[in-house]
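Subject: Structure handover

Hi,

Here is the structure I promised to pass on to you. Have a look at it first, and then read on for my notes.

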Amino acid sequence: MRYFFTSLGILILDQWTKWLVVHNMSLYESIPVLQGFFYITSHRNRGAAFGILQNKQWLFIIITFIVIGFVLYYLWQLKHERPIMSFSFSLILGGAIGNLIDRLRSGEVVDFLHFQFGSYQFPIFNVADSAIVVGVIVLIILTLINPTVEPNESLSEARDS
């Protein structure tokens, strides 16, 4: 159950921060937090990560529902056996639902976290995107560290083999 609370916490933080941006900033307005490095920039994305596949909302909605189903299944299967993996799935779940709500509500995702590194401007993103990326990175690391663990096998059983 704690993993669903983690997902809910990500979802609430994501939606609250997006609400703040939408209700307090004009579209494309940018507020410097650390001049030349980090800005809060009101932006909308009708595509996927990095703005690819613009205006393919139904594709993203369908894929997101599939991802949510997959994540819920694995959260249920893992339960208490793989806490770090379950935590990473809960981050992905909260982020996926956060961006899904935006797509269903307005057909676009509210982005606002904007980093620059010299002349390179990193694509603008949001809390949900961050949670998804962190969750996926943790899953990749866990897979690289111990690739032979089956989803229903506990970590202690895998170490003993």
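The accessible surface of the protein comes to about 9500 Å², and 70% of that belongs to carbon and sulfur atoms (areas are from the Shrake-Rupley method with a 1.4 Å probe, and for residues only the protein chains shown count as cover). Please keep in mind that this is a predicted model, in which local features need pLDDT of at least 70 and side-chain atom pairs count only at pLDDT 80 or more, while totals for chains, interfaces and linings use all residues. Residues are numbered from 1 along each chain as its sequence is written, and side-chain values use heavy atoms, with hydrogens and water left out.

Of the 161 residues, 41% count as buried (buried is under 20% relative accessible area, exposed over 50%, partly exposed in between, with a 1.4 Å probe and protein chains only). Among contacts between residues at least 6 apart in sequence, 61% join residues at least 24 apart (a contact means heavy atoms within 4.5 Å).

Now for the fold. The protein has five helices and four strands, running α-β-β-α-α-β-β-α-α from the N terminus on (helices are DSSP runs of H or I with at least four residues, strands runs of E with at least two, numbered from the N terminus).

The four strands make an open antiparallel sheet in the order S1-S2-S3-S4 (two strands pair if DSSP finds at least two bridges between them). Strand S1 (30-34) and strand S4 (120-121) are the edges; each has a single partner strand, so one side of each is left without a neighbour in the sheet. Strand S3 (residues 109-117) pairs with S4 over two bridges, and Tyr120 in S4 is the bridge partner of Phe117.

Helix H1 lies across strand S2 (38-45) and S3, at about 85° to S3 (axes are lines fitted to C-alpha atoms, for helices over the stretch in contact, and angles run from 0 to 180 degrees between N-to-C directions). H1 (residues 2-24) also packs with helix H3 (residues 83-106) at an angle of about 35°, their axes 8 Å apart. By class, this contact of H1 with H3 has 10 nonpolar, nine polar and five charged residues (Ala, Val, Leu, Ile, Met, Phe, Trp, Tyr, Cys and Pro are nonpolar, Asp, Glu, Lys and Arg charged, and the others, Gly among them, polar).

Best wishes
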